[in-house]
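Visitor: Could you walk me through this structure, please? I am new to reading models like this.

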Amino acid sequence: MPDDGATPDDLPAQYRAISTHLAIAPRVSVVIPAMNEAENLPYVFKTLPGWIHEVVLVDGNSTDGTVAVARGLRPDVVVVPQHGKGKGDALITGFHACSGDIIVMVDADGSANGQEIVSYVSALVSGADFAKGSRFANGGGTDDMTPVRKLGNWALCTAVNAKFGARYTDLCYGYNAFWRHCLDEIDLDCTGFEVETLMNIRVVKAGLKVQEIPSHEYLRIHGASNLRAVRDGIRVLRVILKERSNRRGLRVRAAAPKAGLARGDRS
């Protein structure tokens, strides 16, 4: 990220200006899965930074004019129809349609502040592979979790940390960003809300560098969520139990450079 005092007009064409002192070269794609979110999209699109490369809207057969509203708000929006069902299926569909180097996941209900994207992108260009939003990291928060859901999220997060050697403070949160190459490492294959948990587990198993980003989750603006705490909590638990730990492989991978250096010193 150049920080030499250059103004946006002075920057090379391949850079996208974030401010007068900050610019990025990677193209950023924002994926928004949506089904009947026409009333919420104006709020969602309003918070998105102007410097992003593209918005990919995955439409889950909406009947309320969601696509028309999206195109009215942003004529260059990439609209992709969802042929399957579920949030996981929608996200996977959207990821394949992205042309950017960095992919950001944003919900269509108005619960996420698009202005936080700069924090995610900053973490990625500074060396992280996966920037994971956390409502419980220092500086984060939530207006939309009941005590029961908080307890469930804590229990599931604790289980993942123990089984896979992760250090997460939040597990079931859908505001994340990552380099496109991560898709080759995590091989997503689920269709429901458990997709975020599966991503979090597989980035750790793949040995990718993860950085948590404090994020604030707001209340859904209009409509009702399709999330069902008990049903989806069980699906998340099944994913955790199904995935095999790769902690030994990660330890071997982490030790390999040191072993190589030691051999080099002896020679």
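Guide: Happy to! Let us start with a term: a contact means heavy atoms within 4.5 Å. This is a predicted model, where local features need pLDDT of at least 70 and side-chain atom pairs count only at pLDDT 80 or more, while totals for chains, interfaces and linings use all residues. Residues are numbered from 1 along each chain as its sequence is written, and side-chain values use heavy atoms, with hydrogens and water left out.

Visitor: Among contacts between residues at least 6 apart in sequence, what share joins residues at least 24 apart?

Guide: Take the contacts in the chain whose partners are at least 6 apart in sequence. Those that join residues at least 24 apart make up 73%.

Visitor: How many helices and strands are in the chain?

Guide: Both are DSSP runs numbered from the N terminus: helices are H or I with at least four residues, and strands are E with at least two. Counted this way, the chain has nine helices and 11 strands.

Visitor: What percentage of the residues in the chain is buried?

Guide: Buried means under 20% relative accessible area, exposed means over 50%, and partly exposed lies in between (1.4 Å probe, protein chains only). Of the 267 residues in the chain, the buried share is 45%.

Visitor: How many disulfides are there?

Guide: A disulfide is a pair of cysteine sulfur atoms within 2.5 Å. For C157, the closest cysteine sulfur is in C172, and at 8.2 Å that is too far for a bond. C157 is buried at 5% relative accessibility, and C190 is buried too, at 9%. By the distance rule, the number of disulfides is zero.

Visitor: Where is N36 found, and what is its phi?

Guide: N36 lies in the loop between β3 (28-34) and α1 (41-47). With 37% relative accessibility, N36 is partly exposed. N36 is not a glycine, yet its phi is positive, at about 55°.

Visitor: Is D187 buried or exposed?

Guide: D187 sits in the loop between α6 (182-186) and α7 (195-205). Its phi is positive, near 45°, although D187 is a residue other than glycine. Its relative accessibility is 53%, so D187 counts as exposed.

Visitor: Which residue forms a salt bridge with E37?

Guide: A salt bridge is a side-chain nitrogen of Lys or Arg within 4 Å of a carboxyl oxygen of Asp or Glu, and a search of the whole structure finds 11 of them. In one of these, the closest N and O atoms are 2.9 Å apart, and the partner of E37 is R220. The pair links distant parts of the chain, 183 residues apart: E37 is in the loop between β3 and α1, and the loop between β11 (216-217) and α8 (229-242) holds R220.

Visitor: Which residue forms a salt bridge with R235?

Guide: R235 is in helix α8, and its partner is 41 residues away in the loop between α6 and α7. The closest N and O atoms are 3.1 Å apart, and the residue paired with R235 is E194.

Visitor: Which residues are joined with K205 and E243 into one network?

Guide: The side chains of K205 and E243 meet in a salt bridge at 2.9 Å, N to O. K205 is in helix α7, and E243 is in the loop between α8 and α9 (247-266), 38 residues apart. Salt bridges that share partners join K205 and E243 into one network with D189 and R202.
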